[in-house]
Amino acid sequence: MTDISKTPFVKELASSDRKVRDKALDSLTLFLRSRNDLTLVDLVKLWKGLFFCFYHSDRPLTQQALARALSYSLVPSLPHATLHRFLRAFWITIGRDFHSLDRLRLDKYLFLIRCYVGVAFEIFVKGPNKTEIGDAKKRKRQDNGKPGRGKKQKKQDASEAAPAENTTEEGDGKWADLEAYISMIEEGPLCPLNFHPDHVSKPVIDEKDPNFVPMPHGPDGLRYHLIDLWVDELEKVLEFEGSETNEDGETKGRKIKGDVPMELLLRPLEKLRAESPYKPVRTRCIEALDDDRLVEWGIRTRETEEEEDSDGEWGGFDD
């Protein structure tokens, strides 16, 4: 494909003019929605352009608007065939280039990462395209009442109206897409293995398999950020029942509504706590898993014992 990372609308996304940014985002969205044949290599090249486009965006409001546009506006509109590859390309890019960010540009990338964690939870936990599925069923009922519709046409309509969540590339089941995404995160930014300077800085492209690009692990700074925001972003997409508001305006006694697989959602943190060779990472995971909200929701019980120190292991500097 043409190197989309150098196309005009990618560069225009960093414009301080909102109209120019919106037009560029529309062009990018239309391109991605019209192409189901984009490989992982293609999308990694695209994210190379988007990464530096975001790198050169100025002013906090412009940066925040661009981060939301590239996440909450763009990702839910992607076709199912492209969604997981697009998210994988994002995490490959972040894992590869996070360590090179300077302190002046770090905050805006941390916000972009938060947006991507949030939008993924919104898609895979709340359920993708609920409104679109409902509209499709409504159209089907209306069309079935029209004359002159044969069996073949009705069968085709029924296939098109089937919920997307029941057809996945990773397997059958309601939460198959979520499990595939969680596995992706465990393979990349929340992998217990740390970034190592001897690792290749650029993904190795296999010409025989354009959908294979190694997933960088990234540095611990990326892990700390994801651990800190994981429960925050998860709370935003959960629905609760039985909540009460006290005199201080705080909501207590909330119970999660529905059959949300919390064990699966917390699995990356549990895995890091158990397998990370670095005590500061394990400690941060313990703190995240001991969050008051998880206790309130009935997911966790309060940790009463501290993790025993490993013999001869340096635990880092105390604050």
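1. pLDDT is the predictor's confidence in each residue, on a scale from 0 to 100, and this predicted model has a mean pLDDT of 79 over the chain, with 71% of the residues reaching 70 or more. Residues 131–172 stay under 50 in pLDDT, and for them the model has 21 contacts beyond four places in sequence, a contact being heavy atoms within 4.5 Å. Over residues 197–203 the pLDDT is likewise below 50, and this stretch has six contacts in the model beyond near neighbours in sequence. Where pLDDT is low, the predicted coordinates should not be read in detail.

2. Because the model is predicted, local features need pLDDT of at least 70 and side-chain atom pairs count only at pLDDT 80 or more, whereas totals for chains, interfaces and linings use all residues. Residues are numbered from 1 along each chain as its sequence is written, and side-chain values use heavy atoms, with hydrogens and water left out.

3. The chain has 14 helices and four strands, these being DSSP runs numbered from the N terminus (helices: H or I, at least four residues; strands: E, at least two). Of its 319 residues, 43% are buried, that is, under 20% relative accessible area, with exposed meaning over 50% and partly exposed the range in between (1.4 Å probe, protein chains only). Among contacts between residues at least 6 apart in sequence, 74% join residues at least 24 apart.

4. Helix α2 (residues 18–34) and helix α4 (residues 60–73) have axes that come within 11 Å and cross at roughly 20 degrees, where axes are lines fitted to C-alpha atoms, for helices over the stretch in contact, and angles run from 0 to 180 degrees between N-to-C directions. That makes α2 roughly parallel to α4, since angles under 35 degrees count as roughly parallel, over 145 as roughly antiparallel, 65 to 115 as roughly perpendicular and the rest as oblique. The crossing of α2 with α4 is right-handed (near helix turned clockwise from the far one by less than a right angle; left-handed if anticlockwise). Arg 21, Leu 25 and Leu 28 of α2 make the contact with Thr 62, Ala 65, Ala 69, Leu 70 and Ser 73 of α4. By class, this contact has five nonpolar, two polar and one charged residues (nonpolar: Ala, Val, Leu, Ile, Met, Phe, Trp, Tyr, Cys and Pro; charged: Asp, Glu, Lys and Arg; polar: the others, Gly among them).

5. Helix α5 (residues 80–97) packs with helix α9 (residues 176–187) at an angle of about 20 degrees, their axes 10 Å apart, and the two are therefore roughly parallel to each other. Their crossing is right-handed. His 80, His 84, Leu 87, Arg 88 and Trp 91 in α5 meet Asp 177, Ala 180, Tyr 181, Met 184, Ile 185 and Glu 187 in α9, a contact with six nonpolar, two polar and three charged residues.

6. The axes of helix α12 (residues 267–275) and helix α13 (residues 279–289) come within 8 Å and cross at roughly 140 degrees, which makes α12 oblique to α13. Here α12 passes α13 in a left-handed crossing.

7. Two loop residues may be inspected individually. Arg 59, in the loop between α3 (40–55) and α4, has a positive phi near 70 degrees although it is not glycine, and is exposed, with a relative accessible area of 59%. Lys 257, in the loop between β4 (255–256) and α11 (262–265), is partly exposed at 40%. Lys 257 and Glu 239 are 18 residues apart in sequence and 5.4 Å apart in space, C-alpha to C-alpha; not counting residues up to four places away in sequence, Lys 257 touches Glu 239, Phe 240 and Glu 241.
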